[in-house]
Structure formats: C-alpha cells, structure tokens
Amino acid sequence: MDTYSVDVVYQAINALFQGNNPKEQEKANKWLQEFQKSIYSWTIADELLHQKRDLHANYFAAQTMRNKIQNSFSELPPHTHESLRDSLITHIGQIDEQTDNVIVTQLSLAVADLALLMATWQEPISDLLKALAPHPAAIWPLLEVLKVLPEEIDSRFLRLGANRREQVHKQLDASAECVLEFLCMCVQREDLDQQRIWNATLRTYSAWLVIHAFPLSHICDNALSQLAFRLLSQPAETNGKLHDNATECVCALLSCMGSRSGSVDMEPQVARIFEAVCQLESAYHLSVAHEDTDKTINYCGIFTTLCDAFSFDMLEQQQALKGLDLVLLCVGHFDYEVAEITFHLWYKLSEDLFQRYDDKLTARFRPHIERLISALYRHAQMESDHDGLIEENNNFYDFRRKVSDLLKDVAFIVGSNACFKQMYIILQAPNTTWESTEAALFVMQNVAKNILPEENEVIPKVVEAILGMTDQTHIAVRYTSIMLIGELCDWIENHSDLLEAVLNFLLYALQQKNGLASAAAIALTSICSACRQKMVCHISGLVEIARSLDSFQINNDVAIGLLKGISLILTKLPREQVQPALREIVSFQLQPLAQLLESNQCQLEKGERSDPVYWIDRACAIIRHTNPDVPDNVEHPTVAILNDAWPLISQVLERYQSDLRIMERTCRLIRYAVRMVRKQAVLLVEPLIKQIVVLYARQHHSCFLYVGSILVDEFAKTTECISGLLEMLQAFIEPTFGLLQLENGLRNNPDTVDDFFRLASRYLDCCPLQLLQSSLITPIFQCALIACSLDHREANSSVMKFFINLLTWGRSSNHRHVECRPLVVELASQHGGALVMNLIQASVFQLHSYMLADVAEVLTELKHVVTNAQMEPFLAHALDALPKKNSGGYVTATQQQLEEFSSTVLRADTTKAVTQALKTFTRLFR
C-alpha cells in the first residue's frame, strides 16, 4: 500500500501533466496506468475527488472512477456498493459552475454505470432526483447523469445482459413521467443559466426519446418539444449550440414517431409533428439568406430524418411526399455538402422501390428523382476557371464519386435512356459552357452501362461528337468523354463499325502526357472486356501496347487493368497462337524482374520499377486472365511458360524472403499459375514444397500456408502426391504452433490462423482418410479448440470450417469415405465436451453476433456425429460453467432460460434454428 498513496499519485499526475521531461512523463503515464488497475485506486480516486487539489488531479480521479466501475466492478464486495453510490452522489452534488465539463461528464458516467450495474439500487432515478433536484447548482450535473444513463444501457463494456437491460428499461419507463416533469420544470426556471440549462435539458430529452421511454401522448405538445420547434423557427436569434441540440431533439422525436409506425391520417398527434416540421421551411430559407450553413445543414438533417421516419407513409400516401419536396429544396442548395446529407435517404428510397417492383409506385417518384438528377448535375459542375482535371482525394473529387454511386442507384426510377436524353438536351443547348458540358457527360457516364445496346437515337450522335473532339476542347471534358466511351463498351460491341475509330481515338489519348492516358487505359480495358472476339484482329497492336506500357503516363494499377483486358483477348486467339503471344507479353514483365535480381539493387521504391511487386503484379494479371479453352489431354499454353519462369520465381522467394509484401504477391502469382494449369504443374510441386517449407520455418509468412492449400486442392487426389503433401503439413505444424503459443499469439497472428486451418480443411476435403489416420489430426483439433475464441472474422470462420469439414465425415449419411466415420466418431466422443464448452464460452464472451452462424453449424454437425445422450451432458457442462450472476449481483440467465436454450439446440433440425437460439442466448450475457 505504501507504493500507492494520495500524495504519490498526485506527484505522478503532476509529472505527467505539468512536467517537461518526455521520459519522466512516459514513466509517470505507465505508473498511473498500473495504479488504475490496482484495487487501491478506488479509495485514492475517491479521496482525490474530495480534496479537489487541481483540474488535472480531479480529471484523473473522475476518469479512474468511471473506468473502475466500467471494467473492474467485480473487485468490489457487494456491501461496499452503497457507500460508493453515496460518495459519487456527494461528488456530483459538489459540482459548481466552475467545474470543468470533462470532469462532470466522467462523474456522470460513473454514476450512470453504477446505477446500471448495481442490482440493489432499485430506484436510481427517483433517488437522484430527490438528492440533487432541490439544489440549483446540482441541476446541470443531474441533467448530465439523466442524459448518459439511457445512452449507457447498450454499452459493450458494461455487458449488462438482456435480463438486466429489460429490468432497466422498466425502471426508466416507470420514471419517465417524473423525468419529463423535471425536464419541463428545468426549462421554465429563471434562476439558472438559461443557455446551459436549455442545452442540457434538450440533450437529456433527446436521449430519453431515443429509447422510446415516453408515451406518444406525452411528447407531442410538451414544453420541451415546443421549445425545440420555437428555437428552430428563429434561426437568427438561436445560437449555434442551442440550434444543434434543438435539431438533435426534433430528429429523435421524428425517429420515435417513425418507430411507432403510425400513418399521418391515423395519428393526429403524429400529423401535428409532421406539420410542425414542414413549417420549418421558412426558417430554412432564412438560414440560407443569412448564409448560416451550419443551421442550413441542421434543417436538411431534420427534413431527411422526417422522410426516413415516414418512408412507409411516403410509399403509401401522396400527402407524405411533402417531406421529399423539403429534402429536394435542400439538395438544391448551392453548397454540395448540404445535398450530400440527403444521399442515404435516396439510397433507401431506391432500395424500397426496387424491392416492391411496382411500376405505378415507381412512376409516382419519377418527378422527384428527375429533380434530384438535375440538382446533382449542377453540383457536379467544376468551377469555370478550373484549368486541369480534378485532383484525386480532395473533397470535391470524393463528392463526385458519391454522386456517381447515387446516380447508378437511382437511374432505374427514371430510366437510364431518359436520363441520358435529359443530359443530351443540355449538351444541345446554345452557348453551353465547358463545365456544363462536362457535368452532363459525367451524368451520362454513370448511367451508360444500363442503356440497351440497340439504342440508335442519341448515343450515335454523342459518340460521333466525342470522336470529333479536338485538342482545344477543355481537358476535363475530354477526360470525362473518354470515360463515357469506356462505359458504352457494351453498346460499342453491338456497333462494331465504330470499333476501329474508337480504338484510334483511345490510342491517341493513351499517348498524351496531360492526364488523359489513365482514362484511355481504363476505357480500353472495358472495350477489351466487352468486345473480346471482335478485338482478336487487333492483337498485334495490343501486344505493342503491352510492350510500351511504361511509356504511357499511367499508374501501375491502371496498367495492370490494361494487361487484364489484353489477356482476355489472348484467350480468344486460335490455340496455336496463344502461347507465343502469352510468352511475349509475360516476358515484358519477367525480363525487368530478372534484371532487378541481377543488379543486386538494395533500395526498393514501393510502387516503382525498382519494386519487384511492380512486375510480379503485372505478370499475375496476365496469367490469371489468360484462360483459353484447353482439353485436359492437351498441354495448357501457360505450362511451359510457368516451368521456364520457375527458377526466377524461386530466386525472388529466396532473395526477398523477409519482405512480407513481396512474398504475398509472389505467392499470389504462384496460386493463379497453378490454378490455371492444374495438374499439369506437377513438375513444380516437389521443388515448390521444399522451398516454401524452409521459408515458412524461417519467416512465418502465412502466404506460404495458403500456397500449400492450393497444392493440396490440386494434387491431393493424386495418390502418389499424398504422402509428400502430408509431410508438408507436418513441417508446417511445428513453426505454426510455436508462433500461436506465444503470448497473444492467436490475436497477433490471425492470418496464420486463417491460412493454417484453411490448409487443414483442404486436406479434409481432398484426402480425409489419410489425415484422420495420421498422428497430426489430434494436435490440429486441439489447436482449433483454443483458436475458436479468436474474434477475427476470417480466422474464426476458417477454424469453424475446419470443424465442420471434419465432423461431416462422421455423419451416418457419409457413404463416400465410410472408413472415416468411426475415426471422427471417436474424436468427437473424446473431445466433444471440450468443443461444446469452448464454443459456448467463445459465443458468450468473445465472438461477435454475426459470427454465431458458423458456431451453430459446428454444433449442428456435432449433433449428427454424437448421440443426444452424449450431446446433452456436453451442453449441460458448458452452460454450468457460465456465471449465474453478474458483478452487479443480478441474474444473467435464469435456470429456465438455460434449459430452454439447451432444449432448443438439442431439438433443432436446422442450423438456422441453432443460430437464432445462440443469438438470443448470448444477449443474456452482453
């Protein structure tokens, strides 16, 4: 205890916050972190709060108290809970106007978390109101406690559990009327700081609205709702913070209305709120006139929330469409940031209309979407004095990308053809500025993919105009025109008479040094993909493009895309012509790679020609997408190229073995090459296995495990390869287990877990009997038992897939490898109890709810292997190990709930039923 005293802790706080020696500050920080973990921090933090020595000490003490309650409440014996509560309420009561907001927040959270965790505190709201409401100075912190209390109910740190949450909701519902009365009284008091109290009261009211604590009849016409609308109706007189809080309040009110799912006609109270929001239109116009963008954004948020809340009514009733008109008003605002707030609403409307598939209903919204597209066209326009292209990664570039996504999503409502024509009319207008032209082409580009290839009215004129553009045309117009040509690839495929002219146009642009080359390469890639057969006659020109790739002003990602397009054309060549052309294009990538290795250049510049990945990724794209139709008894054109390239690939693996990025990309190249030629890669199997086993033992790169799984998939069904593949698995096991057994080994190496169990699953798929008969299966199973608690999505999925693949061979319906069944039954009987125990523990305490479907599938497969008489005690033992009460003393799961879960799992016929049971059950502990 001598180590931790108030004075020592205070000295450490001073050293951290007021010292000027970085090493001493770091040392103090570490010491204070250790102190916060100790049992003594409860009493010392409490004492620091009583002493109020200075701001830093107060803040540290308040934060410590909150963290201890949130994360270490189980340290306190139950008999101390009441004294802690009384002490915290005393601290809250001593807050005054000079107390820092951060300290108030931390103390309020501490009280709220304690109220939620402490089962013996039966009426926390009533007790707080009685203790603090009579004191004017305590009103502000009391409002803060009442605000954070409903917000903390779903805190993932507190893990209250469904039973306690239900109990808390009942407590809050029972206290709602007196809370509302208190809040209404607060806004009418004149003896307090009006601005502070109004802000705090509106925030608290919003928090209670969000949890639907108030009956509908209490929220429509009370003093708080009236205050919020009054403040919003006077934008010039309402300050920014108050306006924000009134906005939050009205949005919460609207969400509350929407969740009650009433219709505007049926609910007069709801209709009044709807009308009150509509009347804010004039306030919106005032905010625009005063150029108060923050308030304009607030109104836009309210109108969007209105439509969100009444989306069902909008689809069913004409009068509810008034909300959409208000949103369109905001979309028409000159600042595109205002329009962007509404985007999620249009996505939702689009999804609803698509799901309903009702032409009459869609037609009702067509005028609104036409107005939306017109507004987006205006917002997408560049500044008239802008000289070049839009720079990537600036705000306007990001906005246009979002507009692009939205246009593609809503175009079906008006029809892509109609949208295209609407923009074409703009292009035809006299004296059209370059920025208007570019924006119209931009909209066309985003709907072009959905236009029927037979269209002959507008597109031919647009394409003709684009192909006739001169170098004097603004570069942004030319760039967007080229991108539009790429999007029209399916139409061009149907109008092959234009193909030659289009290719010449793109080739000219590809050779430019002004930023157009990138657009031309992307468009050419699309043309290659859509017009494969018709592009075969141009293969020699495409090979030349591949040869000259680095003379074009394009980045490597775009170059890789272009190589992909060229490879798709290679696939369509006559069989005897594929290999020479393929060899030539691959050599353009491998020769510089070989030169890089010979040069012994130490300095690698990521993404540049001195980076091996630069060439490996290009070669990979070519190999991956050159997939000619070759019968099994004919040598694949890639085989000879792969065999010839192997010494170089092997050199890369050896030379750059410590560089994970290069290893991953090289393994990716090997993966696609082996997948392409399949069993014809047999000559590479032995040297490849020898090398990756040695490299994995040295470097622990999980990509080598992944290559191993590809080899198992392709060659494990060939009897003569099985023993060598099992030796590979044996060689992989020792370094893998060594890595995973380190402290936090699983958490720090999720890729290794993912790839190792993916590899084990491939063995079970391809040669199950040999693996099950080997001595390797038991240690792998035991490792999987530990790994099933890892909360990494892909890694956990691979572990569960391993269990599923294993247990599948134990089913009585397994007739393919009947010898496997007794081996799996024995394994399940021996380790089934541990498996169920670990799965239940992981589901309750570690895994996310979206991962429980995989757990359910494992349990379902286990039920097919063991008898109900075995499964029942497995489940009973696992459930018995769960905590019956939480640290706060409340029951986590009742005996009835435990029995219901066990019974549901045992009776369930489907994975879906077990998944639902698991999700419901785990909520009791979260």
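The protein carries 79 positive and 111 negative side chains, and the centres of these two sets lie 4 Å apart; in this count Lys and Arg are positive and Asp and Glu negative, while His and the chain ends are not counted, and each charge is placed at NZ of Lys, CZ of Arg, CG of Asp or CD of Glu. The model is a predicted one, in which local features need pLDDT of at least 70 and side-chain atom pairs count only at pLDDT 80 or more, whereas totals for chains, interfaces and linings use all residues. Residues are numbered from 1 along each chain as its sequence is written, and side-chain values use heavy atoms, with hydrogens and water left out.

Taken as a whole, the secondary structure consists of 49 helices and zero strands, where helices (H or I, at least four residues) and strands (E, at least two) are DSSP runs numbered from the N terminus. Along the principal axes, the C-alpha atoms fill a box of roughly 95 × 80 × 65 Å. The accessible surface comes to about 40,700 Å², and 49% of that surface belongs to carbon and sulfur atoms; such areas come from the Shrake-Rupley method with a 1.4 Å probe, and for residues only the protein chains shown count as cover. Of the 926 residues, 55% count as buried, a word that stands for under 20% relative accessible area, with exposed meaning over 50% and partly exposed in between (1.4 Å probe, protein chains only). Among contacts (heavy atoms within 4.5 Å) between residues at least 6 apart in sequence, 75% join residues at least 24 apart.

The interior can be approached through its nonpolar side chains. In soluble globular proteins, nonpolar side chains tend to be buried together. A nonpolar core is here a set of buried Ala, Val, Leu, Ile, Met, Phe, Trp, Tyr and Cys residues joined through side-chain atoms within 4.5 Å, and the largest such core has 354 residues, of which Trp346, Phe802 and Phe803 touch the most other members. When residues up to four places away in sequence are not counted, tryptophan 346 touches Leu324, Val327, Leu328, Val331, Ile369, Leu372, Leu406 and Val410.

In helix α3 (residues 41–51), the buried residues are Ser41, Trp42, Ile44, Ala45, Leu48 and Leu49, and their cover includes α1 (6–18), α2 (22–37), α4 (55–72), α5 (81–93) and α6 (101–117).

Threonine 362, in helix α21 (residues 359–379), is buried because its relative accessible area is 8%, and beyond its neighbours within four places in sequence it is in contact with Leu353 and Ile413. Leucine 898, in helix α48 (residues 895–907), counts as buried because its relative accessibility is 7%. The C-alpha atoms of leucine 898 and leucine 879 are 7.0 Å apart, although 19 residues separate the two in sequence, and leucine 898 also touches Lys884, Ala893 and Phe921, with residues up to four places away left out.

Aspartate 611 lies in the loop between α33 and α34 (612–625) and counts as buried because its relative accessibility is 1%; a polar contact of 2.9 Å joins its side chain to that of arginine 661. Threonine 571, in the loop between α32 (556–570) and α33 (575–599), reaches with its side chain the backbone nitrogen of asparagine 627 at 3.0 Å.

Most residues other than glycine have a negative phi. Histidine 700, however, has a positive phi near 60°; this residue sits in the loop between α37 (682–699) and α38 (703–715). Asparagine 744 likewise has a positive phi, of about 55°, in the loop between α39 (719–740) and α40 (745–748). Lysine 52, which follows α3, has a positive phi near 50°.

Key. A polar contact is a pair of N or O atoms within 3.5 Å; within protein, one must be able to donate a hydrogen and the other to accept it, and residues adjacent in sequence count only if both atoms are side-chain atoms.
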